[in-house]
Amino acid sequence: MNVTITDFSSVNIAAYEHQGPIDEVNDSVRIFIEWRKASGLSPQESCRTFGIVYDNPETTEPAAFRFDICCEVSGNVPVNLQGVVSKVIPAGRCAVTRHFGAHDQIGETVKALYREWLPASGEELRDFPVYFHYLNFV
């Protein structure tokens, strides 16, 4: 696993807050994409896309699993039909690794980061959940 440390700059995001079984995340993604296209506040070609994982789907009751589908925005998100809200990914020191493969296998990369790399690195977790910067999200 190739891991680098970076100082991540704070970023304003629009977030659709999924809560429920992980196998329903794609339904939430469709709602988020609908908002993204309709609002015009975050063109996919020029704004980064993120996912914030609050819970481990292997240890969390399916109905309680939380995952935010997010994109970079330059200001606050107005009230909308889809329920997308404004949030911030705070600035801070981050470990970065790249996952190659299907989204449904990304958990294996996260496990390796937490179980193997982190204990051997001497680094400590910061007060923010794991998040993904998607390079191939529509």
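Helices (H or I, at least four residues) and strands (E, at least two) are DSSP runs, numbered from the N terminus. This is a predicted model, in which local features need pLDDT of at least 70, side-chain atom pairs count only at pLDDT 80 or more, and totals for chains, interfaces and linings use all residues. Residues are numbered from 1 along each chain as its sequence is written, and side-chain values use heavy atoms, without hydrogens and water.

Q: What makes up the secondary structure of the protein chain, by helices and strands?
A: The protein chain has two helices and seven strands. Along the sequence they follow the pattern β-β-α-β-β-β-β-α-β.

Q: Why is the protein chain called as compact as a globular protein of that length?
A: The globule rule is 2.2 Å times the number of residues to the power 0.38, and the radius of gyration is taken over C-alpha atoms. For 138 residues the rule gives 14 Å, and the radius of gyration of the protein chain is 15 Å, close to that value, so the chain is as compact as a globular protein of that length.

Q: Why is H18 called buried?
A: Buried means under 20% relative accessible area (1.4 Å probe, protein chains only). H18 has 4% relative accessibility, so it counts as buried. The place of H18 is in strand β2 (residues 11-19).

Q: What makes the pair of H18 and P21 a polar contact?
A: A polar contact is a pair of N or O atoms within 3.5 Å, where one must be able to donate a hydrogen and the other to accept it. A polar atom of the H18 side chain lies 3.1 Å from the backbone oxygen of P21.

How values were computed. Buried means under 20% relative accessible area, exposed over 50%, partly exposed in between (1.4 Å probe, protein chains only).
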